[in-house]
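Subject: Structure handover

Hello,

Here is the structure I promised to pass on. Please open it and keep it in view while you read my notes below.

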Amino acid sequence: MSNYHEKLDTKNREYIHRMLELMPEYASKFYTSMRGTHASSTQLGYISDLRRFLIFLSGSSIDEETYLDVPLEKITAVTLSDIDSYEECLMDGCGGKETN
């Protein structure tokens with residue numbers, strides 16, 4: 001692996017771990033399940049998407065930390081209507097812009 005890719009992987013993993021520190025434990029379990037099978041950039045994308053979805057479910061903004069307490073039961077109760085609403089939210093640019 002090139003030095004560039006090693007640095008990128010390290011940066012991605014550090015950012016993932018910073019996000020996971022602020023997310024419910026089930027997010028860490030999700031991350032652990034994909035660690036050996038996906039590139040760090042893919043892992044970062046998945047964790048960022050999960051974070052954005054938790055923010056949506058909690059009704060908070062990207063700058064708030066109230067999404068950290070979204071219980072797993074709320075995720076398992078997601079309906080097709082919720083997914084449609086989330087899709088609309090994404091198209092409208094909900095959740096603000098993330099930077100790493």
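The expected span of a helix is 1.5 Å times one less than its number of residues. Helices here are DSSP runs of H or I with at least four residues, strands are runs of E with at least two, and both are numbered from the N terminus.

Two notes on the source. This is a predicted model, where local features need pLDDT of at least 70, side-chain atom pairs count only at pLDDT 80 or more, and totals for chains, interfaces and linings use all residues. Residues are numbered from 1 along each chain as its sequence is written, and side-chain values use heavy atoms, with hydrogens and water left out.

**Overall layout**

The protein has five helices and zero strands. Along the sequence the pattern reads α-α-α-α-α. Of the 100 residues, 31% are buried. Buried means under 20% relative accessible area, exposed means over 50%, and partly exposed is in between (1.4 Å probe, protein chains only).

**Helix α5**

What span should α5 have, at 1.5 Å a residue? Its 12 residues should span 16 Å, and the end C-alpha atoms are 17 Å apart, so the two agree. Helix α5 covers residues 80–91 and holds E88. Y86 counts as buried because its relative accessible area is 11%. Just after α5 comes G93, with a positive phi of about 80 degrees.

**A negative patch**

D84, E87, E88 and D92 form a patch of negative charge on the surface. Patches take residues with over 30% relative accessible area and no salt bridge, and like charges are joined within 9 Å. Asp and Glu count as negative, Lys and Arg as positive; His and the chain ends are not counted. A charge is placed at CG of Asp, CD of Glu, NZ of Lys or CZ of Arg. The areas come from the Shrake-Rupley method with a 1.4 Å probe.

**Salt bridges**

Side chains of opposite charge can pair when their charged atoms come close. A salt bridge needs a side-chain nitrogen of Lys or Arg within 4 Å of a carboxyl oxygen of Asp or Glu. How many turn up in the whole structure? The search finds two.

One joins E25 and K29, at 3.8 Å from N to O. Both residues sit in helix α2 (residues 25–34), four residues apart, or about one turn. E25 is exposed because its relative accessibility is 56%. K29 is exposed as well, at 55%.

Another joins R52 and D49, with the closest N and O atoms 3.4 Å apart. Both lie in helix α3 (residues 40–58), three residues apart, again about one turn. D49 is partly exposed, at 43%.

**Two pairs across the sequence**

Y86 and R52 are 34 residues apart in sequence, yet their C-alpha atoms are 9.7 Å apart. H17 sits in helix α1 (residues 3–21). H17 is partly exposed, at 37% relative accessibility. H17 and Y31 are 14 residues apart in sequence and 9.6 Å apart in space, C-alpha to C-alpha.

Best wishes

Methods
Patch = residues over 30% accessible without salt bridge, like charges linked within 9 Å, V, L, I, M, F, W, Y side chains within 5 Å.
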